[in-house]
Amino acid sequence: MRVVRYLQAVSIAAALAALSPSGAAQTLVRSVNGPAANTKYGKACIVVSDQNGDGLKDLLVGAPGFNQERGAIYCISGAFLATGAGTQTLWSLAPTANPGDKFGFALADVGDVTGDGVPDFLVGQPGYDHATSIDSGAVRLVNGSTHAIVSLIHDDTPAIAFGSSMAVCGDIDFDGYNEVAVGAPGPSPVFTQLFVLDGAWLSISQQNNAAVMLTNASLTGSGHAFAASLAGGFDLDGDGRREIAVGIPGSDGPGGTDSGQCRVLEFRGTLDSQGFTLWVLDVVGIYHSSIAGERLGQALEAAHDYDGDGVVDIVVGAPNSSNGSAYEVGRVVVLSGARVAAQTPPYEIRSFVYGGVTPPANHSDPDPNFHFGAAVNACGDLNGDGVGEILIGAPDYFTPGLISGWSFRGLVRIYSGASGALLTSVFGGTTDRLGDALAGSIGDLNGDGFSEFVVAGSLSDAGGTDSGVVKCYRLFPLQPWTYCVGKVNSLGCTPFVSFSGLPSASSGQPFAINASNFLNQKSGLLFYSHAPAAVPFQGGTKCVASPSVRTLVQTSGGAASGSSCSGTYSFDFNLRIASGVDASLVAGADVCAQYWSRDPASPSTTSLSNAVQFVINP
């Protein structure tokens, strides 16, 4: 490999490293490879309730490539993920199917619809052929107790790939069963559809989806990929009716061709002439992408309130977003569920971008089409602050190989749902393409009070070409990171903070927050709060949100006489945590800290550093 090519790859990889708060990877608890080549193990994976009575949640994994794409599903033991001991696969199922059926492409826990007291599972099979209709698609109900196929519900429209996506909607018709939204995003040249199946009828042995359908919606025309992603089970506008969030990545909206959109549909019931309730799906809100070709809506999830208004918000991936370059690096937006439903802009709460990339050095170098946002997950709370986190996958992220070529590792970034800060990133191994499926929080496997999380790469070659891999991680330890900007002082110097050690609620080792480039022999102090800010303050920027807490006054030291920028400060924050003086400083707490100091020649007579943000490790 030529030197210029290696340097190019390093510059591409550095684009991510510069944005990551942690130079070290998170703790990999367990890695499970697919059983054979081409199984695509991990294409879908969901956390399920305890399957074997050991008190831990387990993991259901789809492998739609198994046995010439007939497909299979596997249930991994949570205890095995925690310890590596005991049975890895509690049960598996590979039903009779035809090549290309892709059983296991999508998964949903639909609750107990068979009446035996155990939750059941719906499994997507979008390559199913009904009679002469190729790839019309199907879903199969799997009994959660016996792990046997209970029913097969199919479509008969060619090439709509019914079963490609699924979302549990809750009990729409108040009969005690969860309804399930099932996407049929194509590639039909005629139309793409969304079906909502009546939960009470899911266990009937074999039937066309028309017999099970509560209601449906469709888009006429090719390429829409209507319902490529789905989320449901919430009430965004407070009217007592449930909604579904629908991703339509092929939509040609105001942003241009394949810009994509997120559409919110609401269930409304009306009485017919016989007194029966007819259910329809009305559009209550639409968010259009403004970027041509980015395919917003390719991935979508909704489970948590990120802006504190009491309403679930929507995380939407646009993996082909160019972000101002010629490459599909990707981006993700977090939409206010309440504002989209009310059609009251601005809709965006946050926007996460991959960042800049450097063009390839020559024609043999791959384009940096990382597809950040190919998968998103509204994850459960990982750091104990009471707000769920946001996981974003970039399965086509790559770095230079150790010897030659390129290592398509894939990556997953973990963002704080409360602050939007990038907590850390996890990277796959060589050819893992990690991040095309995200199961999220699996619960506390090791008893430390914090949940582990699961991500997958269905095209990993770890167990053979495209065998797939599932990986379980622990969030901690988390490294601190700096942000914001310091204020130029009266001598033209810009004070800055650095750190050494790790913040911890239990470690006896120091975590020092250090500050340099301050005026010598001046009083100063560290102040902190639990959220970042960027507001004008005393001629500089206050990087810490109010209300804040002040620590004791220190002296900067430095040169004994004259004026210089030789002043420094240092504060062992672990000592403050251990002292118990501030009850809010507990494991999982997010802390933002900044130094303030005297500067008599400044108009405000004060000086400010930039800031450091960190999560207190257990």
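Setting aside residues up to four places away in sequence, Gly428 touches Arg409, Gly410, Leu434 and Lys471, where touching, or contact, means heavy atoms within 4.5 Å. What you're looking at is a predicted model, in which local features need pLDDT of at least 70 and side-chain atom pairs count only at pLDDT 80 or more, while totals for chains, interfaces and linings use all residues. Residues are numbered from 1 along each chain as its sequence is written, and side-chain values use heavy atoms, with hydrogens and water left out.

Back to Gly428: you'll find this residue in the loop between β28 (422-427) and β29 (437-443). Those labels come from DSSP runs, numbered from the N terminus: helices are H or I with at least four residues, strands are E with at least two. Is Gly428 buried or exposed? At 4% relative accessibility, Gly428 counts as buried; the cut-offs are under 20% relative accessible area for buried, over 50% for exposed, and partly exposed in between, using a 1.4 Å probe and protein chains only. Another residue to look for here is Pro395: its C-alpha atom and that of Gly428 are separated by 8.8 Å, with the two residues 33 apart along the chain.

Now for the rings. The structure holds 22 aromatic pairs. Rings of Phe, Tyr and Trp (its six-membered ring) pair if their centres lie within 6.5 Å; planes under 30 degrees apart count as stacked, over 60 as edge-to-face and the rest as tilted. Take Phe370 and Phe398, an edge-to-face pair at 5.3 Å centre to centre with 75° between the planes. Phe370 sits in the loop between β22 (348-353) and β23 (375-378) and Phe398 in the loop between β24 (390-394) and β25 (399-400), so this pair ties together parts that are 28 residues apart in sequence. Phe370 is buried at 0% relative accessibility, and Phe398 is buried too, with a relative accessible area of 1%.

Arg413 lies over the face of Phe372, at 5.1 Å from the ring centre. To count as sitting over a ring, the charge (NZ of Lys or CZ of Arg) must be within 6 Å of the ring centre and within 35 degrees of the ring normal.

Phe372 also turns up in the largest nonpolar core, which has 23 residues; Val315, Phe352, Tyr354, Phe372, Ile390, Ile392 and Tyr415 touch the most other members. A nonpolar core here is a set of buried Ala, Val, Leu, Ile, Met, Phe, Trp, Tyr and Cys residues joined through side-chain atoms within 4.5 Å. In soluble globular proteins, nonpolar side chains tend to be buried together. Which strand gives the most to this core? That's β24, with 3 residues. Leaving aside neighbours within four places in sequence, Tyr415 is in contact with residues including Phe352, Phe372, Ile390 and Ile392. Apart from this core lies another, of 22 residues, among them Val61, Ala63, Ala82 and Val470.

Next, some strands. Strand β10 (residues 165-170) is mostly covered, with 5 of its 6 residues buried. Its antiparallel partner is β11 (residues 179-184), joined to β10 by 5 bridges; two strands pair if DSSP finds at least two bridges between them. One example to find is Val168, whose bridge partner in β11 is Val180. Elsewhere, 3 strands form an open antiparallel sheet in the order β33-β34-β40. Its edge strands, β33 (496-500) and β40 (567-572), each pair on one side only. Between β34 (residues 512-518) and β40 there are 5 bridges, and Ala515 has Tyr569 as its bridge partner in β40.

The peptide bond from Pro345 to Pro346 is cis, with omega near 0°, and Pro346 is in the loop between α4 (337-342) and β22. Another cis bond runs from Ser546 to Pro547, and Pro547 is in the loop between β37 (540-544) and β38 (549-550). Ala131 has a positive phi of about 55° although it is not a glycine; Ala131 is exposed, with a relative accessible area of 70%. Cys484 isn't a glycine either, and its phi is positive, near 70°. Look for Cys484 in the loop between β32 (481-483) and β33, where it counts as partly exposed at 27% relative accessibility.
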